[in-house]
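Morning, everyone. Let me put the structure up, and then I'll take you through it.

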Amino acid sequence: MPRVIQRVLPQLLTLAALMALVSVFFPDFLEITYSDGRLVGPVIDILKRGAPVALLAIGMTLVIATRGIDLSVGATMAICGACSAWAISAGYGLAGALGFAMLAGLAAGLWNGALVAVFGIQPIVATLILMTAGRGVAQLITEGRILTFNHEGLAFFGSGDILGVPMPTLIWVLLGVLVALLVRRTALGLLIEAIGINRRASTLAGINSRVLLIAVYMASGFCAAWAGIVATADIRGADANNSGLWLELDAILAVVIGGNSLLGGRFSIAASLLGAMIIQTIDTGILLAGFPSEFNLVIKAALVLVILVLQSPNLAPRFARIARRRRGTPAAGKLTTREAGE
Amino acid sequence: MLLTIRSLTKTFPGTRALDSVDFDLRAGEVHALLGENGAGKSTLIKCLTGAYQRDEGELTLDGAPISPQSTLEAQELGIGTVYQEVNLLPNLTVAENLTFGRQPTRFGMVDGRAMRRQAEEMLSGYGVDVDVRRDLGTYSVAIQQIVAIARAVTLSGKVLILDEPTASLDSREVAMLFDVVRSLREQGLGIIFISHFLDQVFEISDRVTVLRNGCRVATDDIAGLERLRLIEHMLGHELEDETREGRHAHVPSDPSERTLHFEGVGRRGLIEPFDLSVGRGEVIGLAGLLGSGRTESAEVLFGIKPTQTGTARDENGEIALRNPREAVAAGFGFAPEDRKTDGIVADLSVRENIALALQARRGWARPISRAEQNRLADHYIDRLDIRTSDAEKAVGDLSGGNQQKVVLARWLAMNPRFFILDEPTRGIDVGAHAEILRLIEEVTADGMSILVISSELDELVAVADRVIVVRDRRHVAQLTGAEVETDTIVRAIAAPDADSDEEAA
Ligand SMILES: Nc1ncnc2c1ncn2[C@@H]1O[C@H](COP(=O)(O)OP(=O)(O)OP(=O)(O)O)[C@@H](O)[C@H]1O
Ligand SMILES: [Mg+2]
């Protein structure tokens, strides 16, 4: 376990610093109360509001680990949300709604994965196709309007809670833990990292990189399906135009803030989830601090920039070196070796 | 003194790669830098050219202190370098790679025609047939190596550094390279030459410096230096027997007892259909010039470029070989020629790299336990003498020769029944070289069958039971018994109508 902690330490520190910063502007930030059988407070709100990005970040982490990217997750969210709303209205019940949404997510992932792994299209281009076409598909399902529904069971996934904890929070935590266990308790994690670092060498070592790639995009579609379910359940309606809009970018950002390299290889799902929470803390924090809304995006961009610069591999060893010099031990930097590797 | 290095020190986490090393280079000399895998040769070069930042030490060039911060700055000072791992850009054309950073321009735009002419001129001394408009990545490692050399030669005004430049070249190309080097020496350049081929060192160098465990142990004139003494300097002890040449019995397996049969396997444009039968514990050598179809034969056998014709079968019937995965499932192993792009997974640890093929064969659902991985890693680190601070070090941070050993270990850990080795000892030092040949004998005694591809004929003679000669993408001859000798092989490779007995083995 200590190694896991060590890996996510930068993200934990960033999150703590952000929370401290928000508390300066909004002193009640850390307050959590228990009322009406549910936990309430800004922190709980972040854990709930951050659910879609956190869910997307789980799948995105795996895709990025293979040196790919999935731009279509926002659109997939819209499709899956629309599927669930349609299924509920058409009388398929809760199981039908969830089932159709998950199937749609897996199908979207299969499409992306096939384009990437079988036809060899660059991931960014391959997933761009669904990113643009996907919203159209979602609109076809909702027939161009906001498809609302009245079903307490499905709405529970967006606004319900168990033991005071919001459902969306439970869902992303649960899915995160499950996926992390799946990849780390089996050899999947290692194999995914291997094909992300050197696909050719991995294939020569006998790894079925094609199937693995497809599986990873399907995992991303599956996560997007749950994000879509949560978003749709939350507003009790499927909005094909706005559900998940631009969230693919937040998901990618979460993965990057989580310290995962866009060049593939080593990955940490826990760190990506923390990254998602960092983003949500920024979003919520800006609102709570009461800045005029036109500042929101600028402040967010500035904070993200600061975080990424502080974490950058070009800077971190430099800090380390300064620290080491202070302690008087000889310098040896990952930085210099990286440079030489070019 | 053209170039001096004084008390150069460089540490990596867990390793002191260079410990206060001194080195002098005169104008007009070829100075060989020798040492075991992981001795610190490449690190010395990289500290000198600014690719790594040194911890301590002074450099002077022409008497003036220098401290290049990047390879580019070193180039501007007149130091041209060919690194051990070719670091050109595979998806640019050959011409672009050669003229990169100094493209001829016309009206502010790159002048394509002038660039091509310039590139062709740069390559003209090496006798290679290259279309400079094609992407570099489409050419073999050897050609890429030559392109890297040609580029460095043009860039080097004062010092040329060659880190294992000949590892993937055949003797003809080496001869061409040495002609170029000699003429540069006459022009007064200082040349640093790193190689594990001692014959080449004796042929071209004026002086040698030997590193061991990051320390300089000797600097000597080559004239009057004995080979055995040199090896002793490198290893720190005597080598038991450098090669096993002449002792190997060359007993081909009995044709009736051969268990693995390939019949008429081939692929259009790559290699003409050939037959091959392999016996248990047999070592088959594959000899031929670069581009003759040696590697292509291996690629067909391992399913990388699936065969279009013919079949493979064993006692239990037909074997599917449509891709490497099926080959691995059939118990085949393949250590490729180009370890950087096809072999190592650089960011993964030594342990993970060694476990990789075995894990792939077991499937994702049955992970190899951490304890078992550690056991495998420790076993092969010890067995192949892999120099690493520990099993968790990223393979990309190992020295070139040690990376090669990790790739071998990966396949040995899987214990294949048929193991294809493409240039297995590339970049491996004399001590480890002998150790690997011994290892081959050992695993074949346990029943593993091996196909070795090598440009080093001595090596083939030392291990092979029979040798198949490949020319112009055809298996043209098979040599057995007493015919397995260096000069017979050379003749069979060269002669259009080799006086060898069996046609198309
Ligand atoms: N980037 C790096 N990070 C950590 N350790 C390194 C790095 N580069 C080299 N080393 C270590 O430094 C030592 C010297 O390596 P170097 O590459 O200089 O060896 P070498 O003499 O060139 O060997 P070879 O003949 O195998 O090429 C090795 O122990 C190696 O593991
Ligand atoms: Mg080296």
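How do the residues of the shell around ligand 1 divide into nonpolar, polar and charged? They split into 5 nonpolar, 12 polar and 5 charged. The classes are these: Ala, Val, Leu, Ile, Met, Phe, Trp, Tyr, Cys and Pro are nonpolar, Asp, Glu, Lys and Arg are charged, and the others, Gly among them, are polar.

Some housekeeping. This is a predicted model, where local features need pLDDT of at least 70 and side-chain atom pairs count only at pLDDT 80 or more, while totals for chains, interfaces and linings use all residues. Residues are numbered from 1 along each chain as its sequence is written, chains are lettered from A and ligands numbered from 1 in the order in which they are written, and side-chain values use heavy atoms, with hydrogens and water left out.

Stay with the ligand. There are 22 residues around ligand 1, and Gly38(B), Ser42(B), Thr43(B), Ser399(B) and Gly401(B) come nearest. A residue counts as near if one of its heavy atoms lies within 4 Å. The site is shared between chains, because residues from chains A and B surround ligand 1.

Which elements of chain B each supply at least two residues of that shell? Strand E2 (15–25), helix H1 (41–49) and helix H14 (400–414) do. H1(B) gives the largest share, 3 residues. Helices (H or I, at least four residues) and strands (E, at least two) are DSSP runs, numbered from the N terminus.

Now the atoms. A polar side-chain atom of Thr43(B) sits 2.5 Å from an oxygen atom of ligand 1. A polar backbone atom of Gly40(B) is 2.9 Å from an oxygen atom of the ligand. For Asp397(B), a polar backbone atom lies 3.2 Å from a nitrogen atom of ligand 1. The protein covers 94% of the 640 Å² of accessible area that ligand 1 has on its own. Those areas come from the Shrake-Rupley method with a 1.4 Å probe; for residues, only the protein chains shown count as cover.

Next, the interface. Chain A puts 30 residues into the contact and chain B 36 residues, contact meaning heavy atoms within 4.5 Å. The area buried between the two chains is about 2800 Å², and carbon and sulfur atoms give 62% of that. Buried area is the accessible area (1.4 Å probe) that two parts lose on being put together, summed over both. In chain A, Leu190(A), Leu204(A) and Ala205(A) lose the most area to chain B, together 21% of what that side buries.

How many salt bridges cross between chain A and chain B? The rule finds 2, taking a side-chain nitrogen of Lys or Arg within 4 Å of a carboxyl oxygen of Asp or Glu. Glu352(B) pairs with Arg266(A) in a salt bridge, closest N and O atoms 2.6 Å apart.

That's my tour.

Notes
A polar contact is a pair of N or O atoms within 3.5 Å; within protein, one must be able to donate a hydrogen and the other to accept it, and residues adjacent in sequence count only if both atoms are side-chain atoms.
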